[in-house]
Amino acid sequence: RDGEVEIFECGEILLYLAEKHGALLPKDEQARWRAISWLFAGLNSVEPSCMRYFAYAVFNAEKDWSAGATEALLPLLRQKLKRVTDALGEREWLAGEFSIADIMMVTVLNSLKGTDFVSDYPSLAAYHKRGTERPAYERALAAQLADFDGAPPQMRG
């Protein structure tokens, strides 16, 4: 919530913050749209493949169909990661300068922790490391995790 504005989707929140504060989106029009495109790609292309992997390989590992479904998904997941790697090229960040695209993509790549998927692409692994080592990232993660410290909230009934 921000005054009268109430929003809830993470991509929407990132776009709102970037628009409201004039930061996290490049000023150059092409770079700006590149950042917005990669924000959506993170949510609608890369993240679904990551989540499907865990749904098949982790949460349904004991099911008869899991191994086949996981194997069928792997080429798609690798293709999505290669596209991000290719889009980065030699740049540090997806749109040239750090943007909402990078916040989203680094967060999406976090979902592959404990796997070798990201490390299979050295420039993608370096990108992910740059993103998670940013002081602002570390502060935001600490603030998020602090919500889970202490006793759970009491249910109202």
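Mentor: Of the 157 residues in the chain, 34% are buried, where buried means under 20% relative accessible area, exposed over 50% and partly exposed in between, with a 1.4 Å probe and protein chains only. This is a predicted model, in which local features need pLDDT of at least 70, side-chain atom pairs count only at pLDDT 80 or more, and totals for chains, interfaces and linings use all residues. Residues are numbered from 1 along each chain as its sequence is written, and side-chain values use heavy atoms, with hydrogens and water left out.

Trainee: How many helices and strands does the secondary structure come to?

Mentor: Helices (H or I, at least four residues) and strands (E, at least two) are DSSP runs, numbered from the N terminus. Here there are six helices and zero strands. The C-alpha trace spans about 55 × 50 × 25 Å along its principal axes.

Trainee: At what angle do α1 and α2 pack?

Mentor: Axes are lines fitted to C-alpha atoms, for helices over the stretch in contact, and angles run from 0 to 180 degrees between N-to-C directions. Angles under 35 degrees count as roughly parallel, over 145 as roughly antiparallel, 65 to 115 as roughly perpendicular and the rest as oblique. Helix α1 (residues 10-21) packs against helix α2 (residues 29-59) at about 160°, with the axes 10 Å apart. The two helices are therefore roughly antiparallel to each other.

Trainee: Which residues of α1 and α2 meet?

Mentor: Contact means heavy atoms within 4.5 Å. From α1 come Cys 10, Gly 11, Leu 14, Leu 15 and Glu 19, and from α2 come Arg 32, Ile 36, Leu 39 and Leu 43. These residues divide into six nonpolar, one polar and two charged. For that division, Ala, Val, Leu, Ile, Met, Phe, Trp, Tyr, Cys and Pro count as nonpolar, Asp, Glu, Lys and Arg as charged, and the others, Gly among them, as polar.

Trainee: Are α2 and α4 roughly parallel or roughly antiparallel?

Mentor: Their axes come within 8 Å and cross at roughly 10°, which makes α2 roughly parallel to α4. Residues of α2 in this contact include Trp 38, Leu 39 and Leu 43, and those of α4 include Met 104 and Met 105. The contact divides into eleven nonpolar residues, one polar and one charged.

Trainee: Which residues of α5 are buried?

Mentor: An α-helix has 3.6 residues a turn, so residues three or four places apart point the same way. In helix α5 (residues 122-132), the buried residues are Leu 124, Tyr 127, His 128, Gly 131 and Thr 132. They cover an arc of only 125° around the axis, which puts them on the same side of α5; the arc is that of the directions from the helix axis to the C-beta atoms. What covers them includes α3 (66-88), α4 (100-110) and α6 (135-146).

Trainee: Is Asn 110 buried or exposed?

Mentor: Asn 110 lies in helix α4 and is buried, with a relative accessible area of 17%. Not counting residues up to four places away in sequence, Asn 110 touches His 128, Thr 132 and Tyr 137.

Trainee: Where is Glu 9?

Mentor: Glu 9 lies in the segment before α1. At 44% relative accessibility, Glu 9 counts as partly exposed. Between Glu 9 and Phe 98 there are 21 Å in space, C-alpha to C-alpha, and the two are 89 residues apart in sequence.
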